[in-house]
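Please look at the structure before reading on.

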Amino acid sequence: MQSRSPRLADPGSTEPGAARLSLLYAVVFVEIGIAMPFMPVWLNALGLDARVIGALLALPIAIRIVATAPLMGLIDRGLSARRLIVAGSLALAATYALMPAGATVGWWVLAVLIALNAVAGASLVPSIDYLTLAAVRASHRLDYARIRMAGSIGFLAASLAGGLLLDAFGERPAIPWLLTGLAVIAALTAIAARVPTPVAVAVTRETGRPRLPAVLWIAVAAAAAIQASHGAIYAFASIHWGAHGISAPWIGVLWAIGVVAEIVLFWLIGRAPAAWRTPFRLIGIGGAAAVLRAVGMALFGDRLGPVLALQLLHGFTFGATQLGAMAAVSRFAPEGARGRAQGTFSSCNALASAVSTLMSGLAYAAGGGILAFLLMAPLALAGLLLAGLGQRRAGREAFTTPRL
């Protein structure tokens, strides 16, 4: 029997499982919303050389590329996804708590702690996705997009409140201890949530380890290419906007608009026609929007009015692509390889994003924002073309089962 894709059949429905999963997403993404923008601030407050800071920030990306798929593969061998979340969160808390002391010893000790921290955190979001997709397949009342939306709300809230907290408590002591507390809360939330964990299909010598089908690899490649097209925007948009006279408060508003657009899409996608909620249609919508956004940023990225409109496209470039990718994982991943499929998607995303960020850095140095943003358009176009290929590969089968 074919697995069912995540769906949005009843946008108003709730179940205890949905509330628990939403809370888990929110807590983990609050932690990410503090760590992503403010860990660089903390490293800078330590007085580290800029080259050392760059290396320390690049290290977690490299770790996630190699660690996520093997960690998620443990789920297929019988490890509970919820236990993986608990263990990872506790390890995160321990490494965050040790970082201030490690920094006093030397940057190399801090590098070891950051590497261990990256391993601990690599499987958190993929594990929650794994549990959520399993719950959605099991109950027609659950809605992946509405559940996942809680993570975006948590990230937005953390980004907005983080600066106020740092002003109140100071950068150096506040960031690692705040992250330690959030990681402990995430572990306690996972323990208390009691979210049903699907039983992994046993792999025997006779059955062997299931292969990921070609159509799923196409979906992974398409989504990774589109998500990678955000590289120049994430790395250099704020610098580019500031250099052209857009004030810091407006830059904050621009980033908030992107996250709000993502939240709105997650809230409303269930009301879209069913034919537009299939995996490759959603990925294709994300790819088309990403092409438009990349070209628009190259042409009009120095003007506030057009940029306000372009930031609204983040709801599609990230949101629709994420939903399509999760629908593809749920729809096409074979039993006995769902954890590996989830981890493979995350690893490929990290690899593609790392490469695109490095490319955009070289392009920005050579030709400024115009060249860096324009360079992202071919990535988005590649994702769009792969989505079309995947749609043809999936054929009629994708339209005969419940879908996102």
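## Helix packing in a predicted model

In this predicted model, helix α11 (residues 279–300) packs against helix α14 (residues 338–374) at an angle of about 165°, and their axes lie 7 Å apart. Angles over 145 degrees count as roughly antiparallel. Helices α11 and α14 are therefore roughly antiparallel to each other. The crossing in which α11 passes α14 is left-handed.

Which residues of α11 and α14 meet? On the α11 side they are Ala-294, Met-297 and Ala-298, and on the α14 side they are Ile-370, Phe-373 and Leu-374. Sorted by class, this contact of α11 with α14 has six nonpolar residues, with no polar and no charged ones.

Another helix is α13, which covers residues 314–332. From its first C-alpha to its last, α13 reaches 26 Å, close to the 27 Å expected at 1.5 Å a residue for its 19 residues. Is α13 mostly covered or mostly open? Helix α13 is mostly covered, with 18 of its 19 residues buried.

| Helix | Residues |
|---|---|
| α11 | residues 279–300 |
| α13 | residues 314–332 |
| α14 | residues 338–374 |

Now the whole protein. It has 15 helices and zero strands. Of the 404 residues in the protein, 53% are buried. Among contacts in the protein with a separation of 6 or more, 86% are between residues 24 or more positions apart.

Technical notes: Residues are numbered from 1 along each chain as its sequence is written. This is a predicted model: local features need pLDDT of at least 70, side-chain atom pairs count only at pLDDT 80 or more; totals for chains, interfaces and linings use all residues. Side-chain values use heavy atoms; hydrogens and water are left out. Axes are lines fitted to C-alpha atoms, for helices over the stretch in contact, and angles run from 0 to 180 degrees between N-to-C directions. Helices (H or I, at least four residues) and strands (E, at least two) are DSSP runs, numbered from the N terminus. Angles under 35 degrees count as roughly parallel, over 145 as roughly antiparallel, 65 to 115 as roughly perpendicular and the rest as oblique. A crossing is left-handed if the near helix is turned anticlockwise from the far one by less than a right angle, and right-handed if clockwise. Contact means heavy atoms within 4.5 Å. Ala, Val, Leu, Ile, Met, Phe, Trp, Tyr, Cys and Pro count as nonpolar, Asp, Glu, Lys and Arg as charged, and the others, Gly among them, as polar. The expected span of a helix is 1.5 Å times one less than its number of residues. Buried means under 20% relative accessible area, exposed over 50%, partly exposed in between (1.4 Å probe, protein chains only).
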